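Have the viewer open as you read.

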Amino acid sequence: MKHQSSDLEQLIRDLPKAELHVHIEGTLEPELLCEMARRNHLTLRFATVGELRQAYRFHNLQSFLDIYYEGTRALLSEQDFFDLTWAYLERAAQQHVRHAEIFFDPQAHTGRGIPFETVIRGIHRALEEAIPRLSISSNLIMCFLRHLSAEAAMRTLEASLPFKDWIAAVGLDSSELGHPPEKFVTVFQRARAAGYLTVAHAGEEGPLDYIRQALDLLKVSRIDHGVRCLEDPELVQRLASERIPLTVCPLSNVKLCVFKSLEDHNLKKLLDLGLCVTVNSDDPAYFGGYITENLLASQKALGLTRHDLYMLAKNAFEASFLGAGEKQRFIAELDRFMQAHLG
Ligand code: HPA
Ligand code: ZN
């Protein structure tokens, strides 16, 4: 059956969604950033919301990270971390996100003298309130900044242990090139022994081998980005047969020049190869869109079909860290939704 693009647009908007790759610090919208700077008596390099948005032009990952870390400096109190997280969750709820797995970067804050506890208590409180008030469940993923040392990551892991029950997994983010997964083997070993699941950003800007290292050395359950996997058919075969999910972030990839345009993105190829691909927003305040905007733009640029959109939504629930029963419940909700929207 042929579908009007407006039908697919409505389908995308209403689809029950899971988001698996979003950095909470990357959801800090310029308006909230300015408000926090004001109430915390900080002077920003950019005086207005407009100037901030103007600065959001990037030519690679590092040029983005410089601005992203600058933005985190506005976050000081537990309430700031609560407000940041709550603002994301409200947006996500409006976009029918039913489950979110959210990264946070404790070292971006502890490095500025903010206690680990302040950060996680603010975030956790918002996540807890979102269950009854917004009908969103969530998991928290603590990322290590890979441009810092393995020793610093290990200290962060130790600091997290009193809050272990609030954290589902550890991950690896920040500047990829020159910071291979193998640098963090011991930290990840320790994290797994403490009961954390593991994920890692790999194959965003960095080489293919970082994807293999993340799987073999860090024993990750998912690869964040992983879009460079197509350079090796054997690796693609492995990702398919082991059903290793890829958390792909289309608008991010274009903003950071991983692909020249959305039309050039390999999302559709990855889907057609049967990989467990998901669509996510990464740092929505900086990259021009949340999960719905990522899906809408990808559908338009790549001609995603109704079936593609269903698979993306289903893959996300399947790839989540929810229990088997909860996954089934969400997928049944998705199936009922698709039935009701035969358009
Ligand atoms: N890539 C790597 N590290 C990050 C990103 C990203 O897109 N966002 C925040 N930290
Ligand atoms: Zn990311």
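## Who sits around Glu25

This is a predicted model, so treat the distances below as computed from it. Setting aside residues within four places in sequence, Glu25 touches Tyr68, Thr72, Leu75, Leu84, Phe103, Phe104, Asp105, His109 and Tyr286.

What is the nearest side chain of opposite charge to Glu25, and how far away is it? It's Arg112, at 7.6 Å. A salt bridge needs the nitrogen and carboxyl oxygen within 4 Å, and Glu25 has none, although the residue is buried.

The Glu25 side chain does have polar partners. One is the backbone nitrogen of Asp105, reached at 2.9 Å. Another is the side chain of Tyr68, with a polar contact at 3.5 Å. Both Tyr68 and Asp105 also turn up in the contact list above.

## The fold as a whole

Zooming out, the protein has 17 helices and 8 strands. Its radius of gyration is 19 Å, close to the 20 Å from the globule rule for 343 residues, so the protein is as compact as a globular protein of that length. The C-alpha trace spans about 60 × 40 × 40 Å along its principal axes.

Glu25 is buried, and buried residues make up 58% of the 343 in the protein. Of the contacts with a separation of 6 or more, 77% join residues 24 or more positions apart.

Note on methods:
Residues are numbered from 1 along each chain as its sequence is written. Chains are lettered from A and ligands numbered from 1 in the order in which they are written. This is a predicted model: local features need pLDDT of at least 70, side-chain atom pairs count only at pLDDT 80 or more; totals for chains, interfaces and linings use all residues. Side-chain values use heavy atoms; hydrogens and water are left out. Buried means under 20% relative accessible area, exposed over 50%, partly exposed in between (1.4 Å probe, protein chains only). Lys and Arg count as positive and Asp and Glu as negative; His and the chain ends are not counted. A polar contact is a pair of N or O atoms within 3.5 Å; within protein, one must be able to donate a hydrogen and the other to accept it, and residues adjacent in sequence count only if both atoms are side-chain atoms. Contact means heavy atoms within 4.5 Å. Helices (H or I, at least four residues) and strands (E, at least two) are DSSP runs, numbered from the N terminus. The radius of gyration is taken over C-alpha atoms; the globule rule is 2.2 Å times the number of residues to the power 0.38.
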